[in-house]
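Please look over the structure below with attention to how its side chains meet. The report that follows takes up charged pairs, a helix and its surroundings, and aromatic rings.

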Amino acid sequence: MKGVILAGGSGTRLHPLTRITNKHLLPIHDRPMVAHAVQALVDAGLTQLMLVTGGEHVGDFARTLGSGHEYGIEPLTYACQDRAGGIAEALGLARQFVGAERVLVMLADNLFERSLRPAIENFRRQERGARVVLSRVPEPVHLRHLGVADLDGERITRIVEKPADPPSEYAVTGVYMYDGAVWDVIDGLEPSARGELEITDVNNWYVGQGTMEYDVVGGFWGDAGESIDAYYEVNDFVRAHRART
C-alpha cells in the first residue's frame, strides 16, 4: 500500500497565519504541521509516500522535507495541483504513483494521538472496497463543521458533510483508504456546487456499493486546519504530549 499526503488548499480558515505560507507548513509545537503527517504514516508502516500541494508551494515543501531521508522514505515524491479542484482531484494526481496498489490518503492537517497501524492492517485484510477512520466527537456544535458518518451497527449508511442535525457522534477524519476502483470513481465524479471534486462523493460511492468499512480511532484527534482555535488546540495537545514522553 502507498500513502498520499494532501497538503493543498488556500488556508482561509487560518488567515492571517496563512497570508505568506501554506497552512501545512505552520508549526505544530516543534515541527511543521506536515512533518507530523509524514511521521504518522511512516510509524504506521508506510514508506512509499507522495505529497500533493499547490504549485506555488512545492518548493517550500521540498526544502522542508527534502528527499524524505530523515524519515526513512527516500525518495519522497511530490506532485502539484495547479488549481483548487478539490481533494478527490488532488488524489487523482497520484494515480501513476500508486499504480495497481491500494492507497491511503491523509489530509496533512490531521493529527492523531494513537497509531493508524491497526486501521491499515484491517484494510490490508479487507477483500475490497474502502475504509475510513472515524473519531467520536460528542459536541454537536463541532460536528456541524465536519463530515459525519450515519451508522447502522457495523455499517456506514451515508456520510453527511456539515450536517445541521448530525446523524451520529462519529466524525470522518482525514484518513481514507481505497482499492483500485477509486480511479474510475474519480473519473466519474461531477464537480460540486463549489466547482470541486469532493472526497465525500467518493466515500459515498463505496457506501452505496456496500464496501465501505471503518475503524474508530481512540485518543486525541485534531484537524489543525479547521479554525484558529482548533490549530491552537492541536498545538497545546502536542506540546503537552511531548512533555510527558
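## Salt bridges

In this predicted model, the side chains of arginine 158 and aspartate 150 meet in a salt bridge, with a distance of 2.9 Å from N to O. The two partners sit in unlike surroundings by the accessibility cut-offs: arginine 158 is partly exposed, at a relative accessible area of 42%, whereas aspartate 150 is buried, at 17%. In general, side chains of opposite charge can pair when their charged atoms come close.

Arginine 194 and glutamate 196 also form a salt bridge, in which the closest N and O atoms are 3.5 Å apart. Here arginine 194 counts as exposed, with a relative accessibility of 59%, while glutamate 196 is buried, with a relative accessible area of 15%. The count of salt bridges in the model comes to 14, and a network of such bridges links Arg131, Glu213 and Asp215.

## Helix H5

Helix H5 spans residues 117–125, and a salt bridge joins the side chains of two of its residues, glutamate 121 and arginine 124, at 3.4 Å from N to O. Because glutamate 121 and arginine 124 are three residues apart in H5, about one helical turn separates them. An α-helix has 3.6 residues a turn, so residues three or four places apart point the same way. Both partners count as partly exposed, glutamate 121 at 28% relative accessibility and arginine 124 at 39%.

Which residues of H5 are buried? They are Ala119, Ile120 and Phe123. Seen down the axis of H5, these buried residues fall within an arc of 100°, and they therefore line one face of the helix. The face turned away from that buried side carries the exposed residues Pro118 and Arg125. As for the cover over the buried residues of H5, it includes strand E6 (103–107) and strand E8 (130–136), together with strand E11 (170–178) and strand E12 (212–216).

## Charges over rings

Phenylalanine 123, one of the buried residues of H5, has the charged end of arginine 102 over its ring, 4.6 Å from the ring centre.

## Aromatic pairs

How many aromatic pairs does the structure hold? There are five aromatic pairs. Among them, tryptophan 205 and tyrosine 206 form an edge-to-face pair, with 5.0 Å from centre to centre and 90° between the planes. Tryptophan 205 is partly exposed, with a relative accessible area of 36%, whereas tyrosine 206 counts as buried, at 1% relative accessibility.

Tyrosine 231 and tyrosine 232 likewise form an edge-to-face pair, for which the centre-to-centre distance is 5.0 Å and the angle between the planes is 70°. Of these two residues, tyrosine 231 counts as buried at 4% relative accessibility, and tyrosine 232 counts as partly exposed at 41%. Ring pairs also link Trp205 and Tyr206 with Tyr176 and Tyr178 into a cluster.

Terms used:
Residues are numbered from 1 along each chain as its sequence is written. This is a predicted model: local features need pLDDT of at least 70, side-chain atom pairs count only at pLDDT 80 or more; totals for chains, interfaces and linings use all residues. Side-chain values use heavy atoms; hydrogens and water are left out. Rings of Phe, Tyr and Trp (its six-membered ring) pair if their centres lie within 6.5 Å; planes under 30 degrees apart count as stacked, over 60 as edge-to-face and the rest as tilted. Buried means under 20% relative accessible area, exposed over 50%, partly exposed in between (1.4 Å probe, protein chains only). A charge sits over a ring if NZ of Lys or CZ of Arg is within 6 Å of the ring centre and within 35 degrees of the ring normal. A salt bridge is a side-chain nitrogen of Lys or Arg within 4 Å of a carboxyl oxygen of Asp or Glu. Helices (H or I, at least four residues) and strands (E, at least two) are DSSP runs, numbered from the N terminus. The arc is that of the directions from the helix axis to the C-beta atoms. Contact means heavy atoms within 4.5 Å.
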